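Reader: Please take me through this model by question and answer. Keep it short.
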Amino acid sequence: MRKGQPVSSLHVNPVNLPRHVAIIMDGNGRWAHRRGLPRVAGHRAGMKAVKEVTRAADEIGIQVLTLYAFSTENWKRPPEEVDYLMRLPQEFLDRELQELDEHGVRVRLIGETDGLPPHTLRAVEAAMGRTRNNTGLILNFALNYGARAELVNAVRSIARRVQDGELGPEDVDEATISAALQTRDLPDPDLLIRTSGELRISNFLLWQIAYSELWFTEVLWPDFTREHLFEAVRAYQSRKRRFGGVGSLPPSDVHSGQ
C-alpha cells in the first residue's frame, strides 16, 4: 500500500470517488479449471487479488471496500472446498494483518458468525480487535453472509421493538430498516463490481445497493488487478447518478457513517 502516490498517475480522478465499493469475487473455480488445477488453487490465487485490490483501494482514497468472501449458499459446496475456504481468512490475515494495520486499515465483518468454524472466527476477531481504532480504509469481509437472512433478522428485531412498545407500526420507515442492518454505520455502496461475466447479484447487500452503480467484467477474480479496479472507478465517475430525479444528489443517507 503506497500511501501518497499521486492519484493522477493512476488515471483516476480524485474528485467524485465512490466512498464504498463492494465486490462479488467470482470465477476462482473456472480460473483453476482452465489451468487443469483443483478448485482450491483458484481460491488461493484469488487471495492474491484481494491483497492487490485492497492496496489499490487504499491508495486512491476509497473509504470502504466490502468483499463477498463466502455466502450462506456456499455451504452447499463439497466439504473439502468449504473447509479450505474457511481457512483462507486465517491464512490471509496471518500474512497481511501487519501491513494492513501499519496503513491504518480497519478490518470489519458482516455475516452470521454462529456458523463459522472457531479458527476462522478467532482470526477475524483478532484482526478486528487489533485494527479497531484505525481510521483508514475499512476492509469489510462478508463471510457466511446472505442479504435475505440479514433482512429477516432486521425485520425480527424491528418486530420485537414494536411488540415491546418502543415503536409503533407507523414509525417503521426506511431509516428504521437501514439502522437494523449489519452495515448500519457504513455508507451504502456507490459501486458494485462483479467479476467472471455473471450478471447476477447473488443475494448480496440487496437493500444497500438500491442506488449503486453496477459494473460487470468477464475477468475472473484471480486475474482482477488494480487496473481493473481503476477501470471500474473511471466508469463510475463517467455516469450521472440521478437517484430517480433529475439531479445528481443522493437520497438522504441516514447511516452514512459521516
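Author: Buried means under 20% relative accessible area, exposed over 50%, and partly exposed in between (1.4 Å probe, protein chains only). This is a predicted model: local features need pLDDT of at least 70, side-chain atom pairs count only at pLDDT 80 or more, and totals for chains, interfaces and linings use all residues. Residues are numbered from 1 along each chain as its sequence is written, and side-chain values use heavy atoms, with hydrogens and water left out.

Reader: Which residues of α5 are buried?
Author: Helices (H or I, at least four residues) and strands (E, at least two) are DSSP runs, numbered from the N terminus. Helix α5 covers residues 147-163. Its buried residues are A147, E150, A154 and I158.

Reader: Why do the buried residues of α5 line one face?
Author: An α-helix has 3.6 residues a turn, so residues three or four places apart point the same way. The arc is taken from the directions from the helix axis to the C-beta atoms. Down the axis of α5, the buried residues line one face because they fall within an arc of 65°.

Reader: What covers the buried residues of α5?
Author: The other side of α5 has R148, V155, R156 and Q163 exposed. Contact means heavy atoms within 4.5 Å. The cover over the buried residues includes β4 (138-145) and α6 (174-179).

Reader: Which residues does the UniProt annotation "active site" cover?
Author: The annotation comes from an unreviewed entry. UniProt positions are given in the numbering used here, feature names are shortened, and annotations may be inferred rather than shown by experiment.

Reader: Which side chain does the side chain of D26 meet in a polar contact?
Author: D26 sits in the loop between β1 (20-24) and α1 (28-34). D26 counts as buried, at 16% relative accessibility. A polar contact is a pair of N or O atoms within 3.5 Å; within protein, one must be able to donate a hydrogen and the other to accept it, and residues adjacent in sequence count only if both atoms are side-chain atoms. At 3.3 Å, the partner is the side chain of R30.

Reader: Which residue's backbone nitrogen lies 2.8 Å from a polar atom of the N74 side chain?
Author: N74 lies in the loop between β2 and α3 (79-102). N74 is buried, with a relative accessible area of 15%. The backbone nitrogen belongs to S71.

Methods
Expected span 1.5 Å × (residues − 1).
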